[in-house]
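Student: I would like to learn how to read a few features of a protein model, with the criteria stated as we go. Could you take me through them one at a time?

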Amino acid sequence: MARPPGPLLVLLLRLLLYLAAAGEPCGPAGECDWHWSGRERGVALSLSRYLGLVDPGTGRGRMRFSACPEGAQPGPGRWAGGGTGHLWLSRDTVLGHLGANITLTCQDEVPENATVLWQLKEQGATGGWGQQLAEGNTLLLRRLRYEDSGHYSCSVGSHLLRSLRLLVAEPPETPQVSCYRRSHDKDVLCEWPQQEKPSPGTRAMLWVKRRFVAENATEHRCRYFSKARKFICRVKVPPGTDDTKQLVVSTCVSNSAGGSAGKDKIITLSSVLKPDPPVNVTVKAVEKAPQWLQVNWSYPSSWDPRFYWLRFQVRYRPEPAPTFMEVDQVTTTWLDIRDAWRGTRHVVQVRAKDEFGHGAWSEWSQEAVGTPWTDPWDLTSETEPFSSQVPVEDGTCGVTLPPMLFGEDDSNGAGGEEGFLGVKGRDTQVSQ
């Protein structure tokens, strides 16, 4: 039989296990999950079971971490929650789900002929009980709302029988984080979307540490933005940080119904570069060029071109067409389109990327529209009615011409002939 490791080796292995954790735990104080990836997880669990660091039945950690979300201290009670995190609930705390019905029970046995009265403590009240609800040993609450959370009491006369705390909450959704950086000198923003609005009191945290380095992770609080329906966390980047070094990003969301940890994400500062879209996009016609459009735009205010440049991609389409044509590798803030459809309005958009190709393309800019130059003579000949005719020798009228080709008649009729001869001699040019 193999000889068990000595006390010193045990302490060393405990320390190595603590430092090897790729992410931060998510759960109540003193009972937390560890997050491992791939092969490390099997080795760590086997070793930690031998050292007594996890429960052999559940595989959950017994080591205390200070980064665990705040919750009820372990004691007489039960576990509740969903996802990967759990919440320790005392015996006098009841968890209800949004929209569900729930029945609160005062006592298993109540003296005969005793009238049990239920009351709800008013929020912010320092003493006594407020709203009277109903009579009976049980209290049925239908279609729970978040506002139904609170302290409920049942009593007989002035004798308090039981006080219950009702928590109305939904277990948080598992974070699926993505990170981006708007330019080389900006903070990193990490975010993840929410299908539903999180329950009141939901707390979201994010941790960042260098990969393969034994160091404490930096902790960042995340905020929920209701209009965008997402959590967003801002990660400060110290000056001089190497853009190519790998970082481990860990996320955790917890509330009164439980907690959930997202999968660790490996990033580098250069890989998460994603500029804002170009702004002030304009489309103008080019005089005497019926197939040209001139497109101009500006750098987004978040990107300083004095230090780093952007390269651009332009896409455009005539409005009847469903698909775009694209022009790549544009390094200026303007472009001449030379194959536009004559007389047709075109939709144009521009997006940007780091000049060295790092990171991702920005979103497309807002649409801008423009129509190529059209010869006004062509417009006139197509839209105005013909009203002047050239007489022929047999007395009938021949080809019909626009009236502007003729000058005003004078007393001897010479004006009309001079006007016609003047237009014939006009120097014309066809633009390609």
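Student: Is Asp187 buried or exposed?

Tutor: Asp187 counts as buried because its relative accessibility is 17%, where buried means under 20% relative accessible area, exposed means over 50%, and partly exposed lies in between, with a 1.4 Å probe and protein chains only. Please keep in mind that this is a predicted model, in which local features need pLDDT of at least 70 and side-chain atom pairs count only at pLDDT 80 or more, whereas totals for chains, interfaces and linings use all residues. Residues are numbered from 1 along each chain as its sequence is written, and side-chain values use heavy atoms, with hydrogens and water left out.

Student: With which residue does Asp187 form a salt bridge?

Tutor: In general, side chains of opposite charge can pair when their charged atoms come close. The criterion here is a side-chain nitrogen of Lys or Arg within 4 Å of a carboxyl oxygen of Asp or Glu. Asp187 meets it with Lys236, the closest N and O atoms being 3.3 Å apart. This pair links distant parts of the chain, 49 residues apart, with Asp187 in the loop between strand 10 (178-181) and strand 11 (188-193) and Lys236 in the loop between strand 14 (230-235) and strand 15 (247-255). Helices (H or I, at least four residues) and strands (E, at least two) are DSSP runs, numbered from the N terminus. Lys236, at 59% relative accessibility, counts as exposed.

Student: How many salt bridges does a search of the whole structure find?

Tutor: The search finds 12. One of them joins Glu215 to Arg210, with the closest N and O atoms 3.0 Å apart; Glu215 is partly exposed at a relative accessible area of 26%, and Arg210 is partly exposed at 42%. Another joins Arg306 to Asp304, with the closest N and O atoms 2.7 Å apart; Arg306 is exposed at 67% relative accessibility, while Asp304 is partly exposed at 23%. Salt bridges that share partners also join Asp187, Arg234 and Lys236 into one network.

Student: What is the phi of Lys288?

Tutor: As a rule, most residues other than glycine have a negative phi. Lys288, although not a glycine, has a positive phi of about 65 degrees; its place is in the loop between strand 18 and strand 19, and it is partly exposed, with a relative accessible area of 46%. Gln329 is likewise not a glycine and has a positive phi of about 55 degrees, but Gln329 lies in strand 21 (residues 325-330) and is exposed at 55% relative accessibility.

Student: Which residues does Lys265 touch beyond those up to four places away in sequence?

Tutor: A contact means heavy atoms within 4.5 Å. By that criterion Lys265, which is found in strand 17 (residues 265-267), touches Val177, Ser178, Cys179, Leu247, Val248 and Val249. Lys265 is partly exposed at 30% relative accessibility.
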